[in-house]
Amino acid sequence: TITHFDCPIHLIQTYGGWKNPKMVEFYKNLVTVLFTRFKGLVKYWITFNEINMILHLPFMGAGLVFEEGENELQIKYMAAHHELLASAWATKIAHEIDPENKVGCMLAAGMVYPYTCNPKDVWKGMTQDRENYMFIDVQARGYYPSYAKKMFEREGIELHLTPEEEQILQENTVDFISISYYSSRCTSADPDMQTMAGNAFDTVKNPYLDTSEWGWLIDPLGLRITLNSLYDRYQKPVFIVENGLGAVDVPDENGYVEDDYRISYLRDHLAAMKDAVELDGVELLGYTMWGPIDLISASTGEIKKRYGFIYVDQDDDGSGSRKRYKKKSFEWYKKVIASNGEDLT
């Protein structure tokens, strides 16, 4: 991943991050160096991590800092436009430097279910899905969809799209769609319906699903549904590059964590992924989980929200030996890899 929530602070302070069109030229310089340096060594590239997060975590997604009185929605979509242009340029440059390069976009994915079959709930779910799909529509299809253009009109958002920019977007679509998937979401048109935090997205509690300790809906079948939705929409290969369970792990006196809950989560999601491929015909390039070793969660700033197969002896306050211990899930996943996913027991 070329840019994973890591806009250089100098570019934020000096240029305002991705709100500035100069960032596109800087990015072109960066990718030219990367594609040249790693030619023949790296084949699969992702331009921007979870590009739709610019609407929900704008500083992380695009280095955006808003001044009082600014039109934040205009700035978010203008910055997103610059990232979309940069992504198209990166795709063009990647293919020119090495025709074997494959370039993908990246979506923080998860279907939005209507809470009921009330058409108002169904419509709200559809509009929330579109809000996230819009970025990938541009990267995969090469143009802004009609629903996005109408939304820009209603909200007074001006992108000042030039003919050259339209051509760059149209001629340099991505080779594959990569996603992070942790959970599905649920929505209601009822303004009194209570929501809860789920990753960076608020969601209505789905009565048919359990939740993680951080309130994220656990929905393995939702992964299959999401994969099918994306493949139907774009007809491009899909790559799952993030999937995992953040949980409080309690080690024994030897540092061993018996994380059967993580094994269960991953087993069910891998089985759903396999169904999407073998039963539904989704073209899937691969799967990488988040993440092999415990690290500090981007969404909450905690290390106690652990994802890894390897336990790191460190607490949120920084105390601990920082020694590393294999959890039960380590050997389990090792077996999964060795069997290419055939052995999930």
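F176 is buried in this predicted model, because its relative accessibility is 2%, where buried means under 20% relative accessible area, exposed over 50% and partly exposed in between, with a 1.4 Å probe and protein chains only. Y44, at 40% relative accessibility, counts as partly exposed. Residues are numbered from 1 along each chain as its sequence is written. Because the model is predicted, local features need pLDDT of at least 70 and side-chain atom pairs count only at pLDDT 80 or more, whereas totals for chains, interfaces and linings use all residues, and side-chain values use heavy atoms, leaving out hydrogens and water.

**Aromatic pairs**

- Rings of Phe, Tyr and Trp (its six-membered ring) pair if their centres lie within 6.5 Å, and planes under 30 degrees apart count as stacked, over 60 as edge-to-face and the rest as tilted; by this rule the count comes to 15 aromatic pairs.
- The pair of Y44 and F176 is edge-to-face, because the ring centres are 5.8 Å apart and the planes stand at 75°.
- Y44 lies in strand β1 (residues 44–46) and F176 in strand β4, so this pair ties together parts that are 132 residues apart in sequence; helices (H or I, at least four residues) and strands (E, at least two) are DSSP runs, numbered from the N terminus.
- F176 also forms a tilted aromatic pair with F239, at 6.2 Å centre to centre and 45° between the planes.
- This second pair links F176 in strand β4 with F239 in strand β10, 63 residues apart, and both F176 and F239 are buried.

**Strand β10 and its partners**

- In strand β10 (residues 238–242), five of the five residues are buried.
- Strand β4 (residues 176–181) pairs with β10 in the parallel sense over four bridges, where two strands pair if DSSP finds at least two bridges between them.
- S180 stands opposite E242 in β10.
- β10 also pairs in the parallel sense with strand β11 (residues 284–287), over three bridges, and V238 stands opposite L284 in β11.

**Nonpolar cores**

- A nonpolar core is a set of buried Ala, Val, Leu, Ile, Met, Phe, Trp, Tyr and Cys residues joined through side-chain atoms within 4.5 Å.
- The largest nonpolar core has 81 residues, of which W18, Y77, F135, F152, I179 and L227 touch the most other members.
- Helix α4 (residues 72–97) gives the largest share of this core, 13 residues.
- Apart from this core lies another, of five residues, among them I46, M106, F239 and V241.
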